[in-house]
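Please look through the model below before reading on. The text walks from the whole chain to single residues.

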Amino acid sequence: ILCNRPIESATTTTYTNKDGCGKCAGETKGCKQCNTDSCNEIPIKCVQGADGNAAATECTDVKATKCSKPKFIEYTGFSAGNYACGACAGDTKDKTCEECDGNQKDGCNKPITTGDDYKCLSYEFKNDKFVKKTDKTTCKIKSGSPILCNRP
């Protein structure tokens, strides 16, 4: 079995095959070959990696239909996790992970724009009353969200 497909940057000059069967014709700069049944499906693109700064790239799993990313929790920040191809793992969806329907053009799981971090006083209950902690808490927000602090 030998199939082929155009790569992301292919043009009519660099991908000259008439169909997806067989080896890449002539110039191979715009063609990718594979050797399993229907392996030449063009995969979706997702942002991949730890911090979400990389451009979206094709997923290695051509059957992937979802992209995922760490969930941003207002005033707390990003949950642990990576930007990836595929659905959220286990029962993490909407808890610590967000997913979206992938496409072949760009990653639907791009990172959100965050606002500037700020600090708030924190309190703890000691000796039957709330007392101010020495260290302030760093708060993280989405761009455009209001700066809010609370107290007992």
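Predicted model: local features only at pLDDT ≥ 70, side-chain atom pairs only at ≥ 80, totals over all residues.

Residues are numbered from 1 along each chain as its sequence is written, and side-chain values use heavy atoms, with hydrogens and water left out.

The chain has 13 strands and zero helices. Both kinds of element are DSSP runs numbered from the N terminus, with helices being H or I of at least four residues and strands being E of at least two. The radius of gyration is 23 Å, well over the 15 Å that the globule rule gives for 152 residues, so the chain is more spread out than a compact globule. That radius is taken over C-alpha atoms, and the globule rule is 2.2 Å times the number of residues to the power 0.38. Taken along the principal axes, the box filled by the C-alpha atoms is roughly 80 × 30 × 20 Å.

How much of the chain is buried? Buried residues make up 26% of the 152 residues. Here buried means under 20% relative accessible area, exposed means over 50%, and partly exposed is in between, with a 1.4 Å probe and protein chains only. The accessible surface of the chain comes to about 10200 Å², and carbon and sulfur atoms hold 49% of that surface. These areas come from the Shrake-Rupley method with a 1.4 Å probe, and for residues only the protein chains shown count as cover.

Among the contacts in the chain with a separation of 6 or more, 52% are between residues 24 or more positions apart. A contact means heavy atoms within 4.5 Å. As for charge, there are 23 positive and 20 negative side chains, and the centres of the two sets lie 4 Å apart. Lys and Arg count as positive and Asp and Glu as negative, whereas His and the chain ends are not counted. Each charge is placed at NZ of Lys, CZ of Arg, CG of Asp or CD of Glu.

Now to the sheet. Three strands form an open sheet in the order β8-β5-β9, with antiparallel pairing. Two strands are said to pair if DSSP finds at least two bridges between them. The edge strands are β8 (84-85) and β9 (97-101), each of which pairs on one side only. On one side, strand β5 (residues 66-70) is joined to β9 by five bridges, and the two run antiparallel. Within this pairing, K69 has E98 of β9 as its bridge partner, and S68 has E99 of β9. β5 also pairs with β8 in the antiparallel sense, over two bridges, and here C67 stands opposite C85 of β8. In a regular strand the side chains alternate between the two faces of the sheet. Four of the five residues of β5 are buried, so this strand is largely enclosed by the rest of the structure.

The loop between β8 and β9 contains T92 and D94. T92 counts as partly exposed, at 24% relative accessibility. The C-alpha atoms of T92 and P70 are 9.6 Å apart in space, with the two residues 22 apart in sequence. D94 is exposed, with a relative accessible area of 51%, and has a positive phi of about 70° although it is not a glycine.

A hairpin is formed by β11 and β12, with two residues between them. The two strands, β11 (123-126) and β12 (129-132), pair in the antiparallel sense over four bridges, and Y123 stands opposite K132 of β12. N127 lies in the loop between these strands and has a positive phi of about 50° although it is not a glycine. At 72% relative accessibility, N127 counts as exposed.

Leaving aside neighbours within four places in sequence, G30 is in contact with R5, P6, I7, A10, T14 and Y15. A10 is 20 residues from G30 along the chain, and the C-alpha atoms of the two are separated by 4.3 Å.
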